[in-house]
Amino acid sequence: MWLSAAHAVRVSVVDDLLVPVGALVNGSTIRQVQLDRIAYYHIELDGHDVLLANGLPAESYLDCGNRRFFLGADIVPEDGRVDAHDLPFCLPFTTDPEILGAVRARLMAQARRLGWTEEPAGPEIRVEIEADAAGEAGMLALPLAADEALRLTLPADAGDAWLLSSCWVPAHHGGTADKSTLGVVFRGLTLTDETGATQRIAADDSRLTLGFHPLEGDWRWTTGRALLPAALWEGLSGEVTLTLDLLPGQTRRWVAPAAVAEEPVRPVRERALASA
């Protein structure tokens, strides 16, 4: 079943409620998928109601300020509601954190019953570097050393570098409502040029902004795409060895049961998508 993030589904927590499915993403049985092109379909009734869509109790169309989108206007649908509490829902609509937490806990238990498992996962890491002033990018793999440091050599006149990694979301694994997208734990880096000159860049360096979460002690998480600006190695000469200091073993991932892992992804034109 494919839905937009704001599309409401019915859940039962003492009473029947409507919650946006995007608030229930858990990285396993409910995932948010990036698509280049989508088609939205909707069913509008005389009054707002709940429909069974592939067995899922989901809402019919409710005008929350996006009707122009479905009439072909050149706008993008929003992920959130407009004055949700004032809309004529057929059931109470909620984004209460405690209620959503209870529903996510049930979904996690259901995922395990369906054969999903959790395991620690080392992040997949690479660095993308602008190789010259013209902005030509090159992909450089980083070998993992025994001391958990990552090293690569680059010319001192190299452009900006991007630290790229796989990501995870703590809320997808229970015990927290933290929906931050986390990449790797960054503690700093060391730069050494061919003359032996060395510079230590701490995690709180003011030049490290884009793609970094706030500092926690002497380290910080990346968002999965963090900018290492060329200004960091300005003034060094020849080839520069860049050594990243990362904390290992911090991430987790869901592993799908074999039946799900082997299921092919259908082309977009074969998908029926609904939108709030």
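Modeller: One term before we start: contact means heavy atoms within 4.5 Å. This is a predicted model. Leaving out neighbours within four places in sequence, alanine 230 is in contact with Ala158, Gly159 and Asp160.

Colleague: Where is alanine 230 found, and how many residues apart in sequence are alanine 230 and alanine 158?

Modeller: Alanine 230 sits in the loop between E15 and E16. Alanine 230 and alanine 158 are 72 residues apart in sequence, yet their C-alpha atoms are 6.8 Å apart in space.

Colleague: Why does cysteine 64 count as buried?

Modeller: Buried means under 20% relative accessible area. Cysteine 64 has 7% relative accessibility, so the residue counts as buried.

Colleague: And what makes cysteine 167 partly exposed?

Modeller: Partly exposed lies between buried, under 20%, and exposed, over 50%. Cysteine 167 has a relative accessible area of 41%, and is therefore partly exposed.

Colleague: How many disulfides does the structure hold?

Modeller: The count is 0 disulfides.

Colleague: How do you know that the length of helix H2 agrees with what it should span?

Modeller: The expected span is 1.5 Å times one less than the number of residues. H2 has 17 residues, 97–113, so it should span 24 Å; its end C-alpha atoms are 24 Å apart, which agrees.

Colleague: Which residues of H2 are buried, and why are they said to be on the same side?

Modeller: The buried ones are Leu100, Val103, Arg104, Leu107, Met108 and Ala111. They cover an arc of only 145° around the axis, so they lie on the same side of H2. In general, an α-helix has 3.6 residues a turn, so residues three or four places apart point the same way. The buried residues of H2 pack against strands E2 (8–13), E3 (15–20) and E17 (252–255). On the face turned away from the buried side are the exposed residues Glu98 and Arg113.

Colleague: What is found at the start of H2, and what follows H2?

Modeller: At the start, a side-chain oxygen of aspartate 96 comes to within 2.9 Å of the backbone nitrogen of glutamate 98. After H2 comes glycine 115, with a positive phi near 105°.

Colleague: Which residues have the most contacts inside the largest nonpolar core?

Modeller: That core has 26 residues, and those with the most contacts inside it are Phe186, Leu191, Leu228, Trp233 and Leu244. Strand E16 (239–247) is one of the elements that give two or more residues to this core; E16 gives the most, with 4 residues.

Conventions. Residues numbered from 1 in each chain as written. Predicted model: local features only at pLDDT ≥ 70, side-chain atom pairs only at ≥ 80, totals over all residues. Heavy atoms only, no water. Core = buried A, V, L, I, M, F, W, Y, C linked by side-chain atoms within 4.5 Å. Buried < 20%, exposed > 50% of the residue type's maximum accessible area, 1.4 Å probe, protein only. Arc of directions from axis to C-beta. Polar contact = N/O pair within 3.5 Å; in protein donor to acceptor, adjacent residues only side chain to side chain. Disulfide = S-S within 2.5 Å.
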